[in-house]
Amino acid sequence: MFSKTALEVTGNISSRYNRVQYYFLLDKTNDELLKANERLLNQQKQNFSQPDTGNLLSAGPGINDTLSANRKWLYHAAKVVQQSIIQQNNYVIIHRGSNQQLRNDLGVVDINNGVVGKIVETSENFSAIMSLLHKDSKVSAKLFKYPDVAGTIFWDGKTPNIVELIGIPKSLKVAKGDSVITSGLTATYPAGYMIGQVAEVSPDKSSSNYQIKIKTTVNFYNVQMVYAIDNLEQDEIKALEKKLEKKNH
Amino acid sequence: MSPLIKNIIRFALFVLIQVFVLDRIHLHQLVTPYLYFLFILWMPFKMNRSWQMVIAFLLGITLDAFHHHPGFHAAACVLIAFIRPYLINLFIPQEGAESNYNEPSVKSMGGYLPYFIFVTVLTIIHHAWLFLLEAWQFGNLWYFFGNTLFSTAISLLLIIITELLFVRKQKFKTNTI
């Protein structure tokens, strides 16, 4: 209760400060939005010509009704008002809360598709995101090269913007610069969102796995705009899990 | 200006400067200077110790609210508010000198040396406790040592600059109470 009220009050003050600070970052944010827009434009259907009509048939009609119940992921844009970097537990505060359809456990990405973290607390108009740079942050991830092997991302509390990936066996060839993406095995993030790029690979002497250091895609020193991703199936999955628990007891 | 209003303004200024200026400084991605606890060091001599600790707690919990933390700053602030009267008794030049002036400063503590020993000791205690609590989350020993050492150095530098820039006018009151 206290932390909710505190979030509302401090969020309010921070958003006032951020209105001034954001002014000086407008050109940078603008460039990033332009890039994000370019990427989205390139994905549009009319950019691809398909000479073979049979090809289209075999692909199937697909479900394109965006209002229907088939939607799984729903995106909510939000403005960052405050972020911390060098504490041992870091949070990003955004100006959107439970009155604007956000709730706990939503994954959050930035405009360049980099994973920021997940929402752990919401007040009426603000939400606190546990960023990747947090003691309790654990994200299921995989290497883009090897989509079958999933590992776990966590932070060791030492350097900002550097996280660790464990659970990748030594039999795979991992090189510096390889992309690391979300695995999609959890209900929090869709598959394929960038977490970072491999910065350093070293074999773990006590196990058959690598210890991989990863430079995050998101520059946590300067996050200004983010998208919270709502998994509309999350409630159903949770209900199912509860049912299973009852059955096992 | 009455001391109450002066201290309320001071409180707000210290919190705002800490949160919106100093917290955004990351020297070598590690060290952040802390200045806000100077408010506790500057509190009047003639104040009940329990009240000092209550106000220190309020200051700390305000900082924690901004950091979304479960009370690290509050713990460190209450600790130095508790220790502060002992140190003042140790360094004050003579018996009853605290009734000559309102609050600790270079002048009322009788020179640069005693005042800065007073400030240094409390800074080290505050930082050590704060970073110990933070480092415990990961069991990260070097974070504790590195941050305590460098943050203390930077904070002390800032405190000296603050003392030189904002000279507090201290009226000499008669020592006949």
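Me: How far apart do the C-alpha centres of domain 1 and domain 2 of chain A lie?
Reply: This is a predicted model, where local features need pLDDT of at least 70, side-chain atom pairs count only at pLDDT 80 or more, and totals for chains, interfaces and linings use all residues. Residues are numbered from 1 along each chain as its sequence is written, while chains are lettered from A and ligands numbered from 1 in the order written. Chain A splits into domain 1 (2-42 + 71-134 + 222-232) and domain 2 (139-216), with bounds from an automatic or database domain assignment. Their C-alpha centres are separated by 23 Å.

Me: Which strands of chain A each supply at least two residues of the side of domain 1 that touches domain 2?
Reply: Contact here means C-beta atoms, placed from the backbone, within 7 Å. Domain 1 of chain A puts in 16 residues and domain 2 of chain A 15. Strands are DSSP runs of E, at least two residues, and helices runs of H or I, at least four, numbered from the N terminus. On the domain 1 side, at least two residues each come from β3 (107-110), β4 (115-122) and β12 (225-231) of chain A.

Me: Which helix gives the largest share of the side of chain A that touches chain B?
Reply: That contact draws 18 residues from chain A and 15 residues from chain B. The largest share on the chain A side is 4 residues, from helix α1 (residues 2-23) of chain A.

Me: At what angle do the axes of α5 and α6 of chain B cross?
Reply: Axes are lines fitted to C-alpha atoms, for helices over the stretch in contact, with angles from 0 to 180 degrees between N-to-C directions. In chain B, the axes of α5 (residues 112-136) and α6 (residues 141-165) come within 9 Å. Their crossing angle is roughly 145°.

Methods:
Two residues are in contact if their C-beta atoms, placed from the backbone, lie within 7 Å.
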